[in-house]
Structures are given as C-alpha cells and as structure tokens.
Amino acid sequence: MYKMGYYNLRESYVSKPNIAVYCTSPVKKHPLGDITWVDKMHFLHCIGYAFDSEKQTDYKEIIKGKLKVDYTKRLLQLYKNIFHIIFTCAKQYELRTIALGLVGAGFFSELYNSKSYPYTFMNNVFQPALQEVINKHRWNTEHIQVLGNDNIIINDKVLFNIGFFPDDALDYINPQTTLVVNAWDPLSIVGNGNASDHSLDGAVGMHTACGLLCFPYTNPNIKYQPISA
C-alpha cells in the first residue's frame, strides 16, 4: 500500500479524511557524542497537502486547472481541520503547550507560492487557518512553540521559536506538558528517510521510536479515533 497510498483506492478523493497519528516515545539526543535520553515525549504526526511536484495527487486534485481564490478557500478549510485535530489531541491528553512543525508549509507548499508577495501559503492558508482555530479553542498563544527556523505570526505577534528538533528544541520542550507536532509525509512511515531526510520528519525518525509505534504492522495496538469538526 505504501507505493500507491490511500489516494489510489476506489473511494472519491474528496471523501478521504486527513489523518494524524498520536504516540508517546523516548527521544535520544546526541550532541558531540554525548547521549541524552528523554524517557517519554508526546507526538502527533500530521499530514500536510503536497504541492512540491505537479505529479502529486494533492496538486492534481486541489490546484491544477483551478483559480487561486477557489483552491485557497478550500485549503483554508482543510487546514482548519488539521489544526482542529492538533488542539483536540492536546486537550484530550491534557497537554498545555504545542510545539508546532510547519505541516505542509515548507517544501510541500512550493507550487502554491508566488514570487509576487503576498501570494504565499503561509500568509494565505497556514496562518489564517491556525489563527481561526486558536480562537475557536481559546488557546493562549504563549503556549505555542514553533519548531525549525521559520516565523509564524498570529494576531500580529511572532510565536516563540525553539529551533530544530531535537538538538535546540529539547532545551525548551517540557516533555510532560507539550505535544510535539511532526510534519509527516503521506506516503511513508513516520520518519520517512530518517538520517537521509533533512526535515523535521527525518529528525523525528532518527531520534525516536515513532516509526515503529505508528505503523500498524509493528504496533498492532493502534486504534482509530474519529475527530468531529
């Protein structure tokens, strides 16, 4: 199934849900040969929509041949759904802080973006959708951290950036109270290329057991839980 993914099944593309996988995992950090363990950290692995290639099914189904105003409106709803899953998960496990990766707003957004500012995925989709869901869930932006080296601006405020996972970010993450949101690839096991994948997903794969824990064949105890909008 990993070669064709969920898209190529017989059901309609538009009826397919966007899924995320929650797990807890130990984390290994090893700067300069030193090994430091975090016994348990909370992760939610979320799938963004892939617009890094015209061959991607997301590009063909959502963007190709359509007006930007129309597919932007659709993407806003799709990303509000993703963020709703994130905040619902944090509340369910009584986690007060979210360390947020750029789900779908990095390499995957390449074919959405334009050289003519402000037609960028971050400005038109990611930040507006996030802001609306933050307001809906009444979440304090002081309790949202940003992974990587990018800025997220909500209500004219730049959210606190904690750097790359794990080396920089572990200095700021409280593993008992934080949900780490990984930007997962829809056609891979969590972690994707691991050491050969220079992304948040690859770093998570290298430093945690999430790949094994989030794959039904190696963790038959995985359970499905629907999240209502």
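1. Start with strand β8 (residues 178-184): 6 of its 7 residues are buried, so the rest of the structure largely encloses it. Buried here means under 20% relative accessible area, with exposed over 50% and partly exposed in between (1.4 Å probe, protein chains only). Helices (H or I, at least four residues) and strands (E, at least two) are DSSP runs, numbered from the N terminus.

2. Before going on, the provenance. This is a predicted model, in which local features need pLDDT of at least 70 and side-chain atom pairs count only at pLDDT 80 or more, while totals for chains, interfaces and linings use all residues. Residues are numbered from 1 along each chain as its sequence is written, and side-chain values use heavy atoms, with hydrogens and water left out.

3. On confidence: pLDDT is the predictor's own per-residue score, from 0 to 100. The chain averages 89, and 88% of the residues score at least 70.

4. Two strands count as paired if DSSP finds at least two bridges between them. Strand β2 (residues 36-47) runs parallel to β8 over 6 bridges, with Cys46 opposite Ala183. β3 also pairs with β8 in the parallel sense, over 4 bridges, and there Ile98 faces Leu179.

5. Overall layout: 5 helices and 8 strands, in the order β-β-α-α-β-α-β-β-β-β-β-α-α from the N terminus. Of the 229 residues in the chain, 46% are buried. Taking contacts (heavy atoms within 4.5 Å) between residues at least 6 apart in sequence, 61% join residues at least 24 apart.

6. Now the inside. A nonpolar core is a set of buried Ala, Val, Leu, Ile, Met, Phe, Trp, Tyr and Cys residues joined through side-chain atoms within 4.5 Å. The largest one has 41 residues, and Leu75, Phe83, Ile86, Phe126 and Ile152 touch the most other members. Two or more residues come from each of β2, α1, α2 (68-92), β3, α3 (121-137), β4 (144-147) and β8. α2 gives the largest share, 11 residues. Apart from this core lies another, of 22 residues, among them Ala99, Phe165, Leu170 and Leu200.

7. The two helices α2 and α3 deserve a look. α2 has 25 residues and spans 36 Å from first C-alpha to last, close to the expected 36 Å; the expected span is 1.5 Å times one less than the number of residues. α3, with 17 residues, reaches 23 Å, close to the 24 Å expected. Each is followed by a residue with positive phi near 55°: Glu94 after α2 and Arg138 after α3.

8. α3 also bends by about 30° at Gln127, with Pro128 following within four residues. The bend is the angle between axes fitted to the seven residues ending at a position and the seven starting there. Buried residues of α3 include Phe121, Asn124, Gln127 and His137, and its buried residues pack against α2, β3, β4 and β5 (153-154).

9. Last, Phe121, which sits in α3. It counts as buried because its relative accessibility is 1%. Beyond four places in sequence, Phe121 contacts Phe51, Leu75, Tyr79, Gly104, Ala105, Ser109, Tyr112, Asn113 and Phe126. Gly104 is 17 residues away along the chain, with 8.9 Å between its C-alpha and that of Phe121. Leu75, on the same exclusion of residues up to four places away, touches Phe51, Ile62, Tyr112, Phe121 and Val125.
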